[in-house]
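Hi there,

Here is the structure I promised to hand over. My notes on it follow just below.

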Amino acid sequence: MLTLVLAAALTVATPVLREDNIPEIVSLLTLEEKAAILVGCGSTAFDGIGRNDIGVQGSAGATHAIPRLGIPSIVFADGPAGLRIDPVRPGTEKTFYCTGFPIGTMLASTWNPSLVEEVGRAMGNEVLEYGVDVLLGPGANIHRNPLCGRNFEYFSEDPLLAGLIAAAYIGGVQSNGVGTSIKHFAANNQELNRLHNDARVSERALREIYLRAFEIAVREAQPWTLMTSYNYINGVHASESPWLLTEVLRKDWGFLGTVVTDWGGGYDTAAQIHAGNDLIQSGSDSRYHALIDAVREGRLAIEDVDACVTRALQLIVKCPSFKGYRFSEAPDLEAHAEVCRTAADEGMVLLKNKGALPAGPEGVTALLGVTSYAFIAGGTGSGDVHRPYVVDLQQGLSDGGFTLDAPLDEFYKEYMEDERWRCAMIDGKNSWVIDRERPIEVVPSGLIKAAAERADRAFVTLGRVFGEGKDRDLHYSYHLQDNELQLLRETAAAFHSRGKKVTVILNIGGVVDMQEWQDLADAILVCWQPGEEGGHSVAATLSGAVNPSGRLPMTISKGYEFEPSAANFPRVFEDKPFNYSFYRRLEGNKKDYTVKDVDYTDYEEGIYVGYRYFGTYAPKHVAYPFGYGLSYTTFRWHGMKVSEVPAADGDHTSSAISAAGYLVTVEVKNTGKVAGKDVVELYVKAPGRDMDKPSRELKAFAKTPLLQPGESCTVDLFVSLESLASWNEAKGTWVLEHGRYRFIAARNAADRGISHGVQVK
Ligand code: BGC
């Protein structure tokens with residue numbers, strides 16, 4: 001009897017983790033347990049209890065559980081184009097596919113945060129229902145250079161667009177009670193030597209461009225976690241920088257969440273914990289021991305460890321794993337496919353249209369290009385998703401009621417059977433970070449000529465896929481290949497000589513050269529990598545069932561040599577075969593500083609990224625400006641008004657960008673014959689007398705609802721005073737320049753638009 005009472009008393013005496021007893025739990029954890037919470041399950045050194053070998057198959061990582069204190073393991077999985085877990089598991093017939101949504105660049109091309117939030121809600125539901133706690137996305141790095149291999153995961157060259165789209169994504173995912181991890185913080189703009197490259201960037205460029213998207217997302221949406229990047233910034237590893245993680249992220253911006261390393265990122269575990277990088281993923285035995293040894297040897301204060309453990313527990317108590325959520329493993333993939341389709345519809349960017357579109361579905365369509373038969377839904381690496389299917393353009397057009405030129409269709413189907421087999425053989429041998437093998441483009445000359453007689457029009461799809469671990473090759477990825485150019489030339493010659501139009505569809509993850517071939521096309525539609533429903537969205541856009549309303553989230557220049565970062569970006573693949581280990585320049589923990597653009601990269605262009613550079617210094621080198629995109633209807637804008645908003649009422653966008661500012665309103669009327677959505681982009685030109693300022697900067701944007709012909713609406717755009725400030729390096733603070741500003745409501749970064757002068761006092 002006495003034993004029983006004692007046992008009961010002992011049981012009662014050990015508390016378990018609750019939302020309101022975190023300090024007590026921290027005080028009860030041993031140093032080993034603390035290390036086990038902070039260093040992820042990639043480490044097996046924490047013996048015994050709590051190693052999570054269940055997790056979710058194909059997820060990226062997990063934290064160790066400490067069952068004696070009721071601390072569960074939580075699970076992280078990629079991101080960002082949907083949840084990435086293994087679709088099949090041994091011992092069951094059941095499948096675990098996830099919806100493959102459009103890539104980040106395409107979500108940004110919608111310029112529609114509410115739609116992106118809806119995508120986030122659907123994605124987050126899959127995270128929840130498959131038993132994952134934190135989705136490793138969104139990716140909010142800036143498109144600094146078109147050759148960055150991971151640009152497809154990222155949103156834009158502009159931090160406001162990237163930040164607001166990221167905030168919407170985070171809000172949507174987290175509305176399910178699961179977390180996000182905005183990544184890769186920060187200045188992770190090249191893949192080459194990504195673990196060791198030092199990004200040398202001015203503080204102004206960091207604050208205004210490279211950190212700004214993260215700042216907006218943090219202030220607006222408070223992601224549960226943030227992932228530090230692999231690279232160094234000005235000589236300090238991102239995950240080891242107290243300035244970045246404590247001063248800027250937590251103190252300046254008020255980040256309340258938990259910081260996690262990129263997988264295997266950084267070297268010095270003690271420095272990471274001291275800097276405020278709470279979780280070390282995916283974890284290793286050496287990291288676990290390094291943490292414990294650093295505390296025992298007095299190199300790491302236990303207070304620093306406790307601060308990280310506290311933030312780790314604050315994350316854990318929010319997670320479904322802690323709450324004991326009984327996930328179904330059966331999210332509604334059909335409903336989410338619809339969301340994917342809607343997002344892809346809105347992210348299409350029509351670059352050129354000389355009377356070619358809309359076209360069909362009536363008549364006969366000649367469909368060309370191997371990519372039409374092997375659509376690219378997303379990029380490669382951790383940003384890829386195991387989607388249940390991909391609708392290619394051939395299927396999308398057939399489902400949309402198009403009649404394809406039969407001999408061409410038969411030729412491609414047969415050719416693609418062999419090519420698919422060849423690609424599968426090569427891909428089977430490749431590591432997941434390497435380029436995915438693509439079918440070789442073919443030029444069926446005779447069939448093209450014959451099809452030009454029979455068909456009413458030609459659609460030609462060109463594709464590019466790339467991804468994590470490797471930057472793009474200028475010659476093979478940015479430029480078109482000879483056989484691709486030949487296909488376009490022969491198609492244009494055959495169809496144009498009969499007065500028939502040629503439309504080119506670009507199924508790409510990032511910018512390609514346009515100069516060499518764009519005159520051959522009557523219409524150019526950029527469908528990016530539109531996710532699993534891509535072919536349906538493209539077919540609907542081509543036929544006019546959907547009116548394109550996407551806008552470019554980056555500038556397309558007239559050639560790579562005109563890019564502001566061209567002189568400071570690796571081009572080493574041009575003359576050497578790809579060899580990943582060659583570029584790993586780590587010798588122990590020694591950082592090498594010898595090879596330009598490999599060991600270090602100078603961000604010489606400073607704040608002059610994308611349209612900020614082209615608009616200010618090189619407008620004539622722009623092929624298609626940032627923010628550009630055509631519609632099948634026309635819109636008239638009028639009645640632009642700007643009114644001052646005092647601080648108290650400044651909450652027009654969100655609590656974060658509040659304070660005083662200006663409310664701009666513009667009337668938008670659909671003056672054409674079909675329904676459509678328009679985007680009003682609000683740029684501001686600063687006086688630029690006391691400060692170096694770009695010719696204009698995007699400060700707000702709004703997408704209209706679907707306007708029927710003749711219908712009007714008023715869009716509201718809020719510009720806070722603080723968003724007009726620039727970082728003053730000498731003073732180490734934001735400074736607002738006084739004087740006369742010009743507020744420009746424009747269709748793109750190069751458009752004169754309509755404008756209004758504003759005196760800022
Ligand atoms: C990538 C991250 C990813 C992580 C986990 C890393 O290689 O850089 O973006 O979330 O792996 O898969």
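Predicted model: local features only at pLDDT ≥ 70, side-chain atom pairs only at ≥ 80, totals over all residues.

Residues are numbered from 1 along each chain as its sequence is written, and side-chain values use heavy atoms, with hydrogens and water left out.

The chain splits into domain 1 (2–323), domain 2 (347–561) and domain 3 (633–760); these bounds come from an automatic or database domain assignment. Taken over C-alpha atoms, the centres of domain 1 and domain 3 are 34 Å apart. Domain 1 gives 17 residues to the contact and domain 3 gives 19, with contact meaning heavy atoms within 4.5 Å.

Between them, the two domains bury about 1,600 Å², 61% of it on carbon and sulfur atoms (buried area is the accessible area, 1.4 Å probe, that two parts lose on being put together, summed over both). On the domain 1 side, Trp111, Leu160 and Arg204 lose the most area to domain 3, together 40% of what that side buries.

**An aromatic link**

Trp111 also turns up in one of the 22 aromatic pairs of the structure. Its partner is Phe626, and the pair is tilted, at 5.4 Å centre to centre with 55° between the planes. Rings of Phe, Tyr and Trp (its six-membered ring) pair if their centres lie within 6.5 Å; planes under 30 degrees apart count as stacked, over 60 as edge-to-face and the rest as tilted. Trp111 sits in the loop between α4 (104–109) and α5 (113–129) and Phe626 in the loop between β18 (622–624) and β19 (635–645), so the pair ties together parts that are 515 residues apart in sequence. Helices (H or I, at least four residues) and strands (E, at least two) are DSSP runs, numbered from the N terminus.

**Backbone points to check by eye**

Most residues other than glycine have a negative phi, and most peptide bonds are trans. The bond from Lys183 to His184 is cis, with omega near -5°, and His184 is in strand β4 (residues 179–185). Leu357 to Pro358 is also a cis peptide bond, with omega near -5°.

Best wishes
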